[in-house]
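Subject: Structure handover

Hello,

Here is the structure you are taking over. Please open it first, then read the notes below it.

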Amino acid sequence: MNEVTKRRLKAILIDLAVSSAVTAGVEYALRKKIKNEAFHALVTPTAVMWGLELAQLKSCGQTVGYRAMGLKLESEDGFPLTTEQLLKRMAYRDTVGGFKYFKDKEAYEGIDGRSMAHDRYAAVVVNEK
């Protein structure tokens, strides 16, 4: 596994921990208003993770985990990241990405780990800060 890929994995785990903590707080607040358990199991964690990731990446190109690992997400063309790019990246990663990974692991990661399949789809690249 490439060094950048290892750092990306650690960053994702950090972001997952932060998202889980925020999700616990949001669920506590919403539990009185929304009684549906499926909503709390499926919708809340996904919405919180996507919301946090979108807000952080849109504002500075880094999530808490990326900042801790010294990584930054940038657009391939050098322009600021757009909301559309970020949403495409997250949707691809969380839906089609898993199937692509199991189909061909080497092609998913790319040559140097800076551009995985979901990054290439959204025209973004992860650089070391």
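**The largest pocket**

The largest pocket has a volume of about 710 Å³. A pocket here is an open set of points on a 1 Å grid over the protein atoms alone, where a 1.4 Å probe fits, with protein on both sides within 12 Å along at least five of seven lines; the volume is the space filled by probe spheres set on the points, which are joined across faces, edges and corners.

The model is predicted, so local features need pLDDT of at least 70 and side-chain atom pairs pLDDT 80 or more, while totals for chains, interfaces and linings use all residues. Residues are numbered from 1 along each chain as its sequence is written, and side-chain values use heavy atoms, without hydrogens or water.

The pocket is lined by 28 residues, meaning those with an atom within 4 Å of a point. Ile 12, Arg 93, Tyr 108, Met 116 and His 118 lie nearest its centre. The largest share of the lining, 7 residues, comes from α1.

**Helix α1**

Helices are DSSP runs of H or I with at least four residues, and strands are runs of E with at least two, numbered from the N terminus. α1 has 28 residues and spans 40 Å from first C-alpha to last. Its buried residues (under 20% relative accessible area, 1.4 Å probe, protein chains only) include Arg 7, Arg 8 and Asp 15.

**The strands**

Strand β1 (residues 71-75) runs antiparallel to β2, with 5 bridges joining them; Ser 75 is partnered with Val 124. In β2 (residues 124-128), 4 of the 5 residues are buried.

Regards

Conventions:
Buried < 20%, exposed > 50% of the residue type's maximum accessible area, 1.4 Å probe, protein only. Pairing = 2+ DSSP bridges. Expected span 1.5 Å × (residues − 1).
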